[in-house]
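Let's take a walk through this one, starting with some strands and ending with a few rings. Have the viewer open as you read.

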Amino acid sequence: MDRIASRFARAKQYTGEKLGRAEKTAYDEEFETFSNKTDSMKAQSEKILKSMSAYLEPNPNRRFEASVYARLKRTPREHVNEIEALGNSFLEAADAFGHDTNYDAHISGLFSFKLVLGVVEGGEAVAFTLATPRRTKLYLIRTSEVFFGMALHKAGETEVSVGARFSELTRSVQGAFMNPIKNFIQKDLKKVAAERKVLNTLRLDLDATKAKLKKTSPEKQQQVEVELMSKQTAFDDKYESVKLLLENVDRRHEETAGNLLALITAQQTYFETAAKELSDLVNYLKTDLTIKEPELPAISPNPNMTPLSADTVEPAPVEVATVRAKALVNRTADNDDELTITADEILVVFPDSSSLPDGWVLAESDGGKGRVPEDCIEISE
């Protein structure tokens, strides 16, 4: 009964404060400053994490896939990054065009042969001899095809190497920058939030007891005064401990600055290494293959204002990956952008929730489309 009475007294006190009818114990200015700094630090840290995740993995589908695997406590699948994928496409094209002066070929699936190429007079073509069971014949291939294949092959190898460097950057940044910030949010700030919640409960109890003392009869006044002293002591002790936690959080800037330096250093190493490899590639293309850069047309100062030509092709729609989830509870939408769900209902969850508040995902069901709390659904494997 005492617990129920306490909850009722808190609710009454809280309602009175909201309506301006009840007095409220004020925190000192320093405490409020630390509290506001902590709230701001949490919001900005979460925003930095989202931006860094998008920087390291631009594909929202893969970011969502990684978050699903993390919830399931499973190791996510490995993917090549966009730079490595570009390099692999160059290498595939180089194999199709040919990229060496000595290579095996296969025609129409009928027979294999060995090509030993030599540049003919004028350098515009290479010649090779093809011997078949019936005859031997001289063939010509334009050297531009071979040189283009060689250029693609070298560019592909460089892009794959640069992509591997970016993967190293990703691992370094996750370990030296992102994981410390995640731990700070999930452990330190979470603990502070829990303690502040307890402190607010003790404050409501204290203020409710103060209000009770004003209305109590003289016979019970001494009993309520003893209760008030007990509430005041509990509140004061918790107040000091929470204030100390807030001060410690405020001192974390120096440590976080060290994590930021580790991020910038990792970026510097990546860009310097990538620039060196790309510089070597440019020298190879210009010097060894004697490729000249084309003269590019003048670029409009504002490309967005350039009129579209009749040949402009509309980009194909991007296919968005989705996963299925099961609703764990019945929940009615509080706003127009939320989705009403029923327990055990199967939902379709969309990957990119970067525009939503933390703890929410975008889902769809027969009842429409809207956001739902993450803790109200269970992602299906």
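In which sense do β7 and strand β8 (residues 360-365) pair, and over how many bridges? Keep in mind that this is a predicted model. The two run antiparallel, with two bridges between them, and V349 has A363 as its bridge partner in β8. β7 also pairs with strand β6 (residues 323-327), again in the antiparallel sense, over four bridges. There, K326 stands opposite I346.

Now look at the faces of β7. In a regular strand the side chains alternate between the two faces of the sheet. Strand β7 (residues 346-349) has L347 and V349 on its covered face, while I346 and V348 sit on the uncovered one.

On to the rings. The structure holds eight aromatic pairs. One of them is Y27 with Y239: the centres are 5.6 Å apart and the planes meet at 45°, so this pair counts as tilted. It ties together distant parts of the chain, since Y27 is in the loop between α1 (2-18) and α2 (29-56) and Y239 is in helix α6 (residues 218-250), 212 residues away.

Y239 also pairs with F235, and that pair is tilted too, at 5.7 Å centre to centre and 35° between the planes. F235 and Y239 are four residues apart in helix α6, so about one helical turn separates them. F235 is buried at 5% relative accessible area, and Y239 counts as buried at 10%.

Last, two charges over rings: K369 lies over the face of F350, 4.2 Å from the ring centre, and R371 lies over the face of W360, at 4.2 Å from the ring centre.

Definitions and conventions. Residues are numbered from 1 along each chain as its sequence is written. This is a predicted model: local features need pLDDT of at least 70, side-chain atom pairs count only at pLDDT 80 or more; totals for chains, interfaces and linings use all residues. Side-chain values use heavy atoms; hydrogens and water are left out. Buried means under 20% relative accessible area, exposed over 50%, partly exposed in between (1.4 Å probe, protein chains only). Two strands pair if DSSP finds at least two bridges between them. Rings of Phe, Tyr and Trp (its six-membered ring) pair if their centres lie within 6.5 Å; planes under 30 degrees apart count as stacked, over 60 as edge-to-face and the rest as tilted. A charge sits over a ring if NZ of Lys or CZ of Arg is within 6 Å of the ring centre and within 35 degrees of the ring normal.
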